[in-house]
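Please work through the exercises below with the sequence and the structure at hand, trying each task before you read its solution.

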Amino acid sequence: MTPATLPQAFSTLLRRDLTLAYRRRSEMINPLLFFVLVTALFPLGISADPALLREIGPGIIWVAALLASLLSLETVFRSDFDDGSLEQLLLSPHPLSVLMIAKVLAHWLITGLPLLIVAPLLGVLLNLSGDAMQTLLITLALGTPVLSLVGAIGVALTVGLRKGGTILSLLVLPLYVPVLIFAASAVASSDAGLQVSAHLSLLTALLILAISLSPAATAASLRISMS
Amino acid sequence: MLRFFHKLASPKHFYRISGKWIPWLGVACLGFMLAGLYQGLLVAPTDYQQGDSYRIMFVHVPAAWMSLFIYMVMAIAGVIGLVWRIKLAEIMAISSAHIGASFTFLALITGSIWGKPMWGSWWVWDARLTSELILLFLYLGVIALYNAIDDRRTAARATSILALVGVVNIPIIHYSVEWWNTLHQGPTVTKFDAPSIDFRMLIPLLLMAVAFKLFYAVVVLLRARVEVLQRERNTSWVKELVAENE
C-alpha cells in the first residue's frame, strides 16, 4: 500500500469530516437555530421599532453569529479526541498544519456557510436595506472563516480538558473582537450609504493573516495538548 | 557572561541569586516610589483644568504602561520557553501573567475613578479603555488556561502559545477599537496623548514608572521563587533547603 500524498490526505480528511457531520445532522442544525433564536430575542428584549432595529441590526446579527460559531467550535476536535483518531492525525507523516486547514475548512462548510444562507432572512427580520444585506453577506463570507480559524486554536488548547467549554469562550471571544467591529461597522456604514471598501479590505487582511498563521498555531497547540 | 545566564537559567541558582537581588530591588523600588509620590502629590503644581484630581495619573499611567510591558515580557518568555524548553522562562511567563492582570485592573480602576469627576461617568466606551479591557480578558484567559491544565509544563507551553496569539492580536484589537470609535462617535475625549506636560509633572511620572518596573521585578521574582520550589519539590536541593530552615 502506497502512502497517500498530501492532496489525497487533505481531501480524504475533508470528506471524512463532512460525511461525519452529515450523519449527525442535528448537531449541524443546532448552532443555526441558535443563531436565528438569539437574533429574534433582541427585538423582543429591546424594542420592535423598525428604525432602531435597522440601526442595531448589523451588530445583533454579528454577535449572534459569533456566539453560534463559538457554540459549534467544540465539535472540531471533540469526537476525534474521544475516539482516538486525533492521535492518528498527529502521527501522520504530512504536515499537521495543512491537515488542520482541512479540518477548519470542513468546520466552516458545516457551520459558517449555513449562517450565510439564513442571514438574509434575519436581515429582513431586522429591517436591513438591500445594500446593507449585500454587505452583510460579504462580511459573513470574509469573517466567519476567521472565526473558525482563530477558534480552532482555542479548541486545540482546551481539547483535553473536562471543563473546556467555559474556558474556550474566555480564550476565543476577546480575539473575535476585531472581526466583530470591522464587520458590523461595514454593514452599518453601507446602510448609511457610505463607502465600505476600507472595512472589507481590513476583513480580507484579517482573513489572510488568520489563514497563514492560525493553522501553525493550531497544530502546535494540539501537539502540546496531546503530549 | 554567557555562563552567568546559563547558570541563572537553572532553578537552583535562580533561587539563590534572586534571593540576593530581591532586598536591593525592594529598597530601590521603595526609594523611587517615595520620591515619586512626594514629587507627584506635594511638589507638582495643580492642573489648571483638572485641579488636584489629575494626580491619580501618577498611578494610572505607569500601571497602563506596565500592563502592556508585562504582556510583552510574558510572550517573550513564553517563546523562549517554547523554543529552548527553559523551565525558568516558562516560570517567568506564568508568574508575570497574574501581575500583568493586576496592573491592567489597577489601570482600569484608577482610570474609572478619574473618569467620574472628569467625564461625568464611570465608564466610557473610549478606544483606550476598551482595548485595555480586552487586554484584561486576554490575561484572564491565560491564567484560566494555566489553572485548567494539571501538568505544569504542559500548562506553561499551552499558555505560551495563547500569549503569542494574543501578541499578534493586540495591535489588531488596538487599531480596530480606535477606528471603531472614531468612525462612529467623532473625536474621542482622551487627553493623555499630548506630551505637552509640565516638567514638574513629568519627573514624578517617570519616577513612578521606574518604581512600578522595580515593583514588578520584585513581585515576579517572589512569585517565580514559589513556583520554582513547588515544581522542584522532589529534588535534592529543595529538600536540603527545607532541612536547613527547619
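The exercises that follow concern a predicted model, and each solution goes step by step.

**Exercise 1.** Find which residues of chain B the UniProt annotation "transmembrane region" covers, and describe the chain over residues 133-149 and 201-222.

*Solution.* Begin with the record: the unreviewed UniProt entry places the annotation "transmembrane region" on residues 21-43, 63-84, 91-113, 133-149, 161-181 and 201-222 of chain B. Next, take residues 133-149 of chain B, where the chain is 94% helix and 0% strand, with 25 Å between the end C-alpha atoms. Finally, turn to residues 201-222 of chain B, a span that is 100% helix and 0% strand and whose end C-alpha atoms are 32 Å apart.

**Exercise 2.** Determine which residues make the nonpolar surface patch of about 630 Å², and explain why Leu164(B) can belong to a patch.

*Solution.* First list the members, which are Met72(B), Ile76(B), Val79(B), Ile80(B), Val83(B), Trp84(B) and Leu164(B). Then assign them to helices: helix H3 of chain B, residues 57-84, gives the largest share with six residues, while Leu164(B) lies in helix H6 of chain B, residues 152-185.

**Exercise 3.** Locate Asp191(A) and identify what it touches beyond its neighbours within four places in sequence.

*Solution.* Start with the position of Asp191(A), which is in helix H8 of chain A, residues 164-191. Leaving those sequence neighbours aside, Asp191(A) is in contact with Arg54(A), Ser129(A) and Ala132(A). For Arg54(A), there is also a polar contact of 3.1 Å between its side chain and that of Asp191(A).

Conventions
Residues numbered from 1 in each chain as written. Chains lettered and ligands numbered in written order. Predicted model: local features only at pLDDT ≥ 70, side-chain atom pairs only at ≥ 80, totals over all residues. Heavy atoms only, no water. UniProt positions renumbered as here; feature names shortened; annotations may be inferred. Helix = DSSP H or I, 4+ residues; strand = E, 2+ residues; numbered from the N terminus. Patch = residues over 30% accessible without salt bridge, like charges linked within 9 Å, V, L, I, M, F, W, Y side chains within 5 Å. Areas by Shrake-Rupley, 256 points an atom, 1.4 Å probe, with all protein chains shown as cover. Salt bridge = Lys/Arg side-chain N within 4 Å of Asp/Glu carboxyl O. Buried < 20%, exposed > 50% of the residue type's maximum accessible area, 1.4 Å probe, protein only. Polar contact = N/O pair within 3.5 Å; in protein donor to acceptor, adjacent residues only side chain to side chain. Contact = heavy atoms within 4.5 Å.
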